[in-house]
Amino acid sequence: MTDLPRQQPVTIADERVGFNGAFAAALTRAAGSMPALYVTLAVVGGWMALATWGPLHRVDPYPFGFLLFLDNVVQLVLCLVIMVGQRVLGAAADRRAVQTYENAEGIFERVADLQAHLDRHDRALGRGVSLLESSPHPWIERHRVQPPPQAMDQVAGVNGRIAAWLTQRLGSMWAFYIAVGTQVVWMGMSLLGLQGFDPYPFAFMSFLSTLAQLLFMIVIMVGQDVLGQAADRRAEQTLLDAEAILHECRRMKARLMAQDRVINSLADYASAQVTGHLARAIHQSRLLAALDDGQEPDSGTALRPWDELPEELKEANRLQAHQLGDRLAAIGCLMVPASDPTLTTAFTEEEAQVLARLEYEHRLPGHGTYGAAGLPGQRDGRQPDMVPWEDLSDHARAQAVEAAGRVPAVLADVGFQVLRTGQGADGVGELDFTPEEWATLGKSLMASGVLVALAEGVADPEEIFALVKLLREASISHSRRLIRELAEASTFDTGLQPGTRYADYAGPALQTIREATGIVAHTAPEELTDFRAFLMDITATVADANNEGGFLGLGARPRVPNEVAAMEAVKAATELDQAEIAPAAACRGQEL
């Protein structure tokens, strides 16, 4: 099943396209703000004071006819702006409803696929019988035939259609231009003497403006009611979507729990069988090693054939076999059923020493003893003195290390093989780097994003949030293990201090990025391309987090020149010359 393309959330800004949309957005931001309120109060109060006691007394005395006329004009214009904003809000809400509907359909489709997959597992585990019968949530079927709620769906009857027509026609920038133009032309004609019906202070125009405002306010309230009803329906549909998803999650959990019980039972049985076979192989390896040394069978209790061993020695071998997987994990390996004979693993000297020491120390007093059982292939299952590992003789340690090196061969005898966890197709991880190198790699992620955020002076909360969100998503869904583990380990520490400027931050940040790139190039060159790409993904995400620049929102764009320059600086820091790629940087993880 193919994944749905990643979508960006629908925003109000998406509905403001073209000059009219941008102008409406700028006008809405300018007029719908507290500074606009303060300016209005100051202008009106100042005008009234000057018209009462100052030089405007002759021009517009009490009751301030011209001021009232201007107020009516502005109120009419603001009514039209409100209707434009209402139409934009309705369009954005309609698009969100469609996006939510499509996302819910995608979720339901994948839930159905998962349920079908679980049902196949049920029948495989239950021998043709489903382990748990349950039904899908009824809303899932209804959802497929019920379209997403739209604002126009709430328009009913003649009155509703009239209100919708008025809102559509009047809630546009063209209606705004016509209203402003009409009043300007009317005043100009009066001042030029082309019409004497409504001289200054334009009482008739004020009357018409007041009447229009009354009508527009009623239309606005009708529109608010329509938007409210549509929002209620969307909320109801979202609630039903959530209920259906939770219902399906409970179904899947119940089915998984039923499968767990069957799988655990099968796993216990298989584990007991594997442990038994592996215990025999461990004992047989010990017997063969003893023969290679010239020892006679039956020369010791631990060197008898398996069927003649005392039960406590058999149990000791079973315990050793059971815990062998944990021992292998300590050296970065795991045991899996043999699938590819060409994938053979030979322990390094250091790995064999670690494995031998773990096996030996586990048999010391206080750690749970194996009794007479020793490492696979060890000549004598006994350690007479059971002294600490450091105090063992060189011969005894060498014997234990040699036995540990035979573990892959012993596992092969019972159909298993040893694989290293860090050498899969998924790439390297934290264990492949030193702690200092890993810290530098982690700092480079934050440094790349914060550097771009500071390009415009300060790091905006929206930019830091976008950076953190990207890291959280990458920790789960990125295709490369290195990126997933780096993102998961991030503490989201920006290293910023009050007053930190771009110029102060750029040097240490770029140096950290260079060092991190050098570390990846030396330790895991196959990961270098993906590491560079992820750093550039971080810079792009931060740069596109919000719109900046412009005047009153006009001309604003996601990436401004300073941010583009910062992105280029990060890119240049990741493009090391071959001579700069060294086994280790001289100074790693410099404090930002």
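**Figure 1. Contacts across the whole chain of the predicted model.** Take the contacts in the chain between residues at least 6 apart in sequence: 76% of them join residues at least 24 apart. The secondary structure comes to 17 helices and two strands. The chain has 592 residues, and 39% of these count as buried.

**Figure 2. Gln237 and the residues it touches.** Gln237 has its place in helix H7, which covers residues 203–292. Is Gln237 buried or exposed? Its relative accessibility is 7%, and buried means under 20%, so Gln237 counts as buried. Leaving aside residues up to four places away in sequence, Gln237 touches Trp139, Gln146, Pro147, Pro148 and Pro149.

**Figure 3. The salt bridge between Arg318 and Glu311.** Side chains of opposite charge can pair when their charged atoms come close. In this pair, the closest N and O atoms are 3.0 Å apart. A salt bridge requires a side-chain nitrogen of Lys or Arg within 4 Å of a carboxyl oxygen of Asp or Glu, so this pair qualifies. Arg318 is partly exposed, at 24% relative accessibility. Glu311 is also partly exposed, and its relative accessible area is 47%. By the rule used here, the count of salt bridges comes to 14.

**Figure 4. Arg318 and Glu315 within helix H8.** Which helix holds both Arg318 and Glu315? Both lie in helix H8, made up of residues 311–330. They are three residues apart, about one turn of the helix. Glu315 counts as partly exposed because its relative accessibility, 44%, falls between the 20% and 50% limits.

**Figure 5. The salt bridge between Asp504 and Arg501.** The side chains of Asp504 and Arg501 meet at 3.4 Å, N to O. Asp504 is partly exposed, with a relative accessible area of 44%. For Arg501 the relative accessible area is 53%; exposed means over 50%, so Arg501 counts as exposed.

**Figure 6. A network of salt bridges.**

Conventions: Residues are numbered from 1 along each chain as its sequence is written. This is a predicted model: local features need pLDDT of at least 70, side-chain atom pairs count only at pLDDT 80 or more; totals for chains, interfaces and linings use all residues. Side-chain values use heavy atoms; hydrogens and water are left out. Helices (H or I, at least four residues) and strands (E, at least two) are DSSP runs, numbered from the N terminus. Buried means under 20% relative accessible area, exposed over 50%, partly exposed in between (1.4 Å probe, protein chains only). Contact means heavy atoms within 4.5 Å.
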